[in-house]
Amino acid sequence: MYEKFLSERIAQLRAIKGASARDMSLSIGQNENYINHIENGKSMPSMQVFFYICEYFGITPKEFFDDSTKNPVLIQAVVDDLKCIDEKQLVSIHEIVNGLKR
């Protein structure tokens, strides 16, 4: 169950980032086919490498497993931006988001 989720989630996040499996593999210190093997269900990462994968995407393990958030990196960037605005602006953005949800 989690094996399929893990491979699909890595592929999804990698596609959002626009990175090849080879480049990602090398960026996390693995051989060039490592991520490809995970995405094809041939292997699973160790816990340590899983943390490297999360670091690569700039997300926490919790965000990795939250599949209701399709682009956790973008969500975090928006949250960081929201911390820099005043309360009136924040209320306005909240109203806009509520309008978009309808």
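The model is predicted: local features require pLDDT of at least 70 and side-chain atom pairs pLDDT 80 or more, whereas totals for chains, interfaces and linings use all residues. Residues are numbered from 1 along each chain as its sequence is written, and side-chain values use heavy atoms, with hydrogens and water left out.

**Exercise 1. The chain as a whole**

Describe the secondary structure, the dimensions and the burial of the chain.

Step 1. Helices (H or I, at least four residues) and strands (E, at least two) are DSSP runs, numbered from the N terminus. The chain has seven helices and zero strands. Read from the N terminus, the order of elements is α-α-α-α-α-α-α.

Step 2. The radius of gyration is taken over C-alpha atoms, and the globule rule is 2.2 Å times the number of residues to the power 0.38. For a compact globule of 102 residues a value near 13 Å would result, but the chain has 17 Å. The C-alpha trace spans about 50 × 25 × 20 Å along its principal axes.

Step 3. Buried means under 20% relative accessible area, exposed over 50%, and partly exposed in between (1.4 Å probe, protein chains only). Of the 102 residues of the chain, 26% count as buried.

Step 4. A contact means heavy atoms within 4.5 Å. Among the contacts in the chain with a separation of 6 or more, 50% come from residues 24 or more positions apart.

**Exercise 2. The surface**

State the accessible area of the chain, and characterise the patch that contains Tyr2.

Step 1. Accessible areas come from the Shrake-Rupley method with a 1.4 Å probe; for residues, only the protein chains shown count as cover. The chain exposes about 7,100 Å², of which carbon and sulfur atoms supply 56%.

Step 2. Patches are made of residues with over 30% relative accessible area and no salt bridge; like charges are joined within 9 Å, and nonpolar side chains (Val, Leu, Ile, Met, Phe, Trp, Tyr) within 5 Å. Met1, Tyr2 and Phe65 form a nonpolar patch on the surface, and together they have about 410 Å² of accessible area.

Step 3. Tyr2 belongs to helix H1 (residues 2–17). Tyr2 counts as exposed because its relative accessibility is 55%.

Step 4. For a second case, take Ile75 in helix H6 (residues 72–82). Ile75 counts as partly exposed because its relative accessibility is 48%. Between Ile75 and Asn31 there are 44 residues of sequence separation and 30 Å in space, C-alpha to C-alpha.

**Exercise 3. The pair Arg14 and Glu39**

Which elements does the pair Arg14 and Glu39 link? Examine its surroundings as well.

Step 1. A salt bridge is a side-chain nitrogen of Lys or Arg within 4 Å of a carboxyl oxygen of Asp or Glu. Side chains of opposite charge can pair when their charged atoms come close. Four salt bridges are found in the whole structure.

Step 2. One of them joins Arg14 to Glu39, with the closest N and O atoms 2.8 Å apart. This pair links distant parts of the chain, with Arg14 in helix H1 and Glu39 in helix H3, 25 residues apart. Helix H3 comprises residues 34–39.

Step 3. Arg14 counts as buried because its relative accessibility is 15%. Glu39 is also buried, because its value is 18%.

Step 4. Not counting residues up to four places away in sequence, Glu39 touches Ser7, Ile10, Ala11 and Arg14. Ser7 lies in helix H1 and counts as buried because its relative accessibility is 9%. With the same exclusion, Ser7 touches Ile38 and Glu39.

**Exercise 4. A network of charges**

Which residues are linked in a network of salt bridges?

Step 1. Arg22 forms a salt bridge with Asp23, the closest N and O atoms being 3.9 Å apart. Another salt bridge joins Glu32 and Arg22, with a closest N and O separation of 3.3 Å. The latter pair links distant parts of the chain: Glu32 is in the loop between helix H2 (21–27) and H3, and Arg22 in helix H2, ten residues apart.

Step 2. Arg22, Asp23 and Glu32 are therefore the answer: salt bridges link them in a network.

Step 3. Arg22 counts as partly exposed because its relative accessibility is 44%. Asp23, at 41%, is partly exposed, and Glu32, at 40%, is partly exposed.
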